[in-house]
Amino acid sequence: MGWIETGSGRVARVSTDITLSDRLGGWRVRWGINRMHYTVGAGLYAVGEPGSQSPVLVSASYKLTFDQLRRELAGRDVWLLVLETFGINVWCAAGKGTFGTLELINRINHTGLPTLVAHRTLIVPQLGAPGIAAHEVNKATGFKVRYGPIRAEDLPEFLDRGMKVTPAMRRARFNLRDRLVLIPVELVQAWKLSLILCSLILVLSTVALRNLSLASRFSTGLAPMIVYLGGLVMGSVVTPILLPWIPGRAFSLKGAQVGLLSAILAILVMGSTWKEADVVALLFVVPAVTAYFALNFTGCTTFTSLSGVEKEMRIALPMIILALVVGVVVWTVGMLA
Amino acid sequence: MSLRYLKDVVTLQLDEEKCSGCGMCTQVCVHGVFAVNKGVAHLVDRDACIECGACARNCPVEAVSVRSGVGCAYAVWKSWFRRRKQGGEVSPACS
């Protein structure tokens, strides 16, 4: 840490060590704790003792991004140019345009970068490309944009090989670990809806079954709650983990299969004493809930398109609603009969 | 094991007549949609496109066009509501 003096003012030096509090911070934002305020200030930073020939890496003002970047730069002398993305990661910010051509041009001029370095090359993460027009940056500032690897972990090899990118560094991936770290994000997004639904079920069952004892009212309400939460876990945890191995391309279809299979399993294991109506209702409701949460996982992935998701939603949402209505009606009728 | 999304849905278009063969699209695409062959870019895997818009933004001769946005059900859902309120087209983005 500390500062280094340059011809155009002081520049903050950052460490390449990740401390326990950095790790805790990363864990907290993935669970949605203060996620939108996990930022570093925009501007220029130094790693090591950078000089006029040192490479310039461009990044975003999300601290999780910044930490992953500086961790890979141990023992190197580089400049880091952080764009103001308001605590959003490079890819999402590029899509929104905050990690954008204009911001990059302004940040170059604002930080005095042209007098600080003798070369005219910027290394921009490939995932920043949706927001940056390389030819316009070049026209406005004289700096040439070179798109570096997608993942910070590939930066040491990229820098050691004279800024050469291998085809593997250029490809988005979505392996099991990538999917696992995103599951908390899904669960956090679902908890508000879950709280509303569960309270609604409790209130409804308490009011509708006035003439029963409080205990049996509660246990009647508990069943649909467990069904819903089961569907949530199947759609937001199990489907994402098994994603590549479930047949089909549409997420709702993948989720519906997992839901149907788990409903059938539940019936086989525990259903011998259940009413027919409950069994039928379960076969409709669980696949619908699982399909819904699986559909929601599209936004966490690296391979879905806007047009594809729109098409899937237009087909899947009416079917999900229909299955839910059928299930709830069958269950209610069975209960009252 | 394959992670591929729906076929024949993306809006990506490449005008090979306009292409200058600079290869920028091959550098920015995260799914290997483009390849340059004999000085002209071609779409070699159009269905892998996620409509992020990086190729169109970085094409100096505007040979590539795509309606860009995010493939996220939550964002699409929000954009449907916003469209109803504002009466205009809203491109879905991350929150």
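Predicted model: local features only at pLDDT ≥ 70, side-chain atom pairs only at ≥ 80, totals over all residues.
Let's start with two helices of chain A. Helix 9 of chain A covers residues 183–208, and helix 10 of chain A covers residues 214–242. Their axes come within 9 Å and cross at roughly 165°. Angles over 145 degrees count as roughly antiparallel, so helix 9 of chain A and helix 10 of chain A are roughly antiparallel to each other. Their crossing is right-handed. Helix 9 of chain A brings residues including Ile183(A), Leu187(A), Ala190(A) and Leu197(A) to the contact, while helix 10 of chain A brings, among them, Met225(A), Tyr228(A) and Leu232(A).

Next, where do nonpolar residues gather? The largest nonpolar core has 70 residues, and those with the most contacts inside it are Val58(A), Ile132(A), Cys25(B) and Cys55(B). Leaving aside residues up to four places away in sequence, Ile132(A) touches Ala94(A), Gly100(A), Thr101(A), Leu104(A), Val124(A), Val137(A) and Val145(A). A second, separate core of 33 residues includes Ala281(A), Ala288(A), Ile320(A) and Ala73(B).

Finally, we come to the meeting of the chains. Their contact takes 36 residues from chain B and 35 residues from chain A. On the side of chain B that touches chain A, the elements giving two or more residues are helix 1 (24–28), helix 2 (54–58) and helix 3 (73–86) of chain B. Helix 3 of chain B gives the largest share, four residues.

Here are the two contacts by residue class:

| Helix 9 of chain A with helix 10 of chain A | 13 residues | six residues | two residues |

Note on methods
Residues numbered from 1 in each chain as written. Chains lettered and ligands numbered in written order. Axes fitted to C-alpha atoms, helices over the stretch in contact; angles between N-to-C directions. Parallel < 35°, antiparallel > 145°, perpendicular 65-115°, else oblique. Left-handed = near helix turned anticlockwise from the far one by under 90°. Contact = placed C-beta atoms within 7 Å. Nonpolar A, V, L, I, M, F, W, Y, C, P; charged D, E, K, R; others polar. Core = buried A, V, L, I, M, F, W, Y, C linked by C-beta atoms within 7 Å. Buried ≥ 20, exposed ≤ 12 C-beta atoms within 10 Å, placed from the backbone.
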